[in-house]
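Work through the exercises below with the sequence and the model side by side, trying each task before reading its solution.

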Amino acid sequence: EATKDLGVFLRERDPRSIEVAAGLSTSDGARVGFEYAHLNLFGKALEFNTRLKLGYQFFAYLHGYMDETVADQFKSLSFVNALAREAGAGLNLPKIYGLPLPAALRFDLVNERVNDRVYSMDRIAATPGLELKLVEPLTLLLAYSVEYKFFVKSTSVTDLSTLTAQEQQLQLTPDGIQWLGSARPTVALDLRDDKFNPHKGLIASLGLEYTRSLATPKATKIGRTEKQLMVNFVKA
């Protein structure tokens with residue numbers, strides 16, 4: 001027949017995924033992680049993901065394993081503060097209708113606790129972002145992050161000459177509470193033949209980060225402005 005009826009049966013894969021991980025690191029101690037993702041939340045094409053990573057440096061209790069002053073400082077922390085963590089949740093709307101350009105909307109929340117030999121930090125951040133497809137294959141990502149930080153430098157390291165360049169830079173960060181706002185525009189060029197299973201191609205991105213204190217510098221004495229230029233290249 002010139003015209004035929006065609007029946008199609010479509011079975012989608014489960015939009016949900018769960019990943020559990022555990023490990024042991026000489027620098028971070030024991031670690032566990034949990035991640036959950038849902039690619040079609042409420043049937044509205046919303047991509048939802050959440051993660052939780054926990055770590056505990058029990059090597060500090062092994063005599064002679066690490067510098068005693070560093071170990072003593074870690075052991076002086078309460079269990080809650082000694083427990084390193086990274087908790088996060090994100091929502092991604094892959095397509096916004098009614099705009100002249102293809103656009104996606106993102107929103108991320110992050111809470112973390114870092115215990116390093118030269119500092120400890122609690123951080124909470126909220127980051128909304130807008131992704132615009134300018135022309136194929138060029139994408140513009142506009143993100144703005146508002147974050148709370150409580151930063152404390154370690155007193156266990158007295159010889160600054162033993163620190164790396166990055167650790168010495170951290171010594172310039174003032175102790176205490178900081179409220180920061182960061183604007184992060186990024187332009188990305190994606191020349192891969194397949195986004196999810198690439199065999200050849202190139203990804204290049206150029207980003208600028210501008211950070212400024214949201215508190216009154218005169219009152220807090222921690223007002224600061226940071227500018228950072230990031231260039232990334234990845235070849236598939």
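Asp175 is partly exposed, with a relative accessible area of 41%, where buried means under 20%, exposed over 50% and partly exposed in between (1.4 Å probe, protein chains only). This is a predicted model, in which local features need pLDDT of at least 70 and side-chain atom pairs count only at pLDDT 80 or more, while totals for chains, interfaces and linings use all residues. Residues are numbered from 1 along each chain as its sequence is written, and side-chain values use heavy atoms, with hydrogens and water left out.

**Exercise 1.** Find the residue with which Asp175 forms a salt bridge.

*Solution.* A salt bridge is a side-chain nitrogen of Lys or Arg within 4 Å of a carboxyl oxygen of Asp or Glu. The partner of Asp175 is Lys153, with the closest N and O atoms 3.4 Å apart. This pair links distant parts of the chain, since Asp175 lies in the loop between helix H3 (165–170) and strand S8 (176–190), and Lys153 lies in strand S7 (residues 138–153), 22 residues apart; helices (H or I, at least four residues) and strands (E, at least two) are DSSP runs, numbered from the N terminus. Lys153 is partly exposed, at 22% relative accessible area.

**Exercise 2.** Determine how far apart the closest N and O atoms of Glu86 and Arg51 are.

*Solution.* In this salt bridge they are 3.2 Å apart. Glu86 belongs to strand S4 (residues 84–93) and Arg51 to strand S3 (residues 46–56), 35 residues apart. Glu86 is partly exposed at 26%, and Arg51 is partly exposed at 23%.
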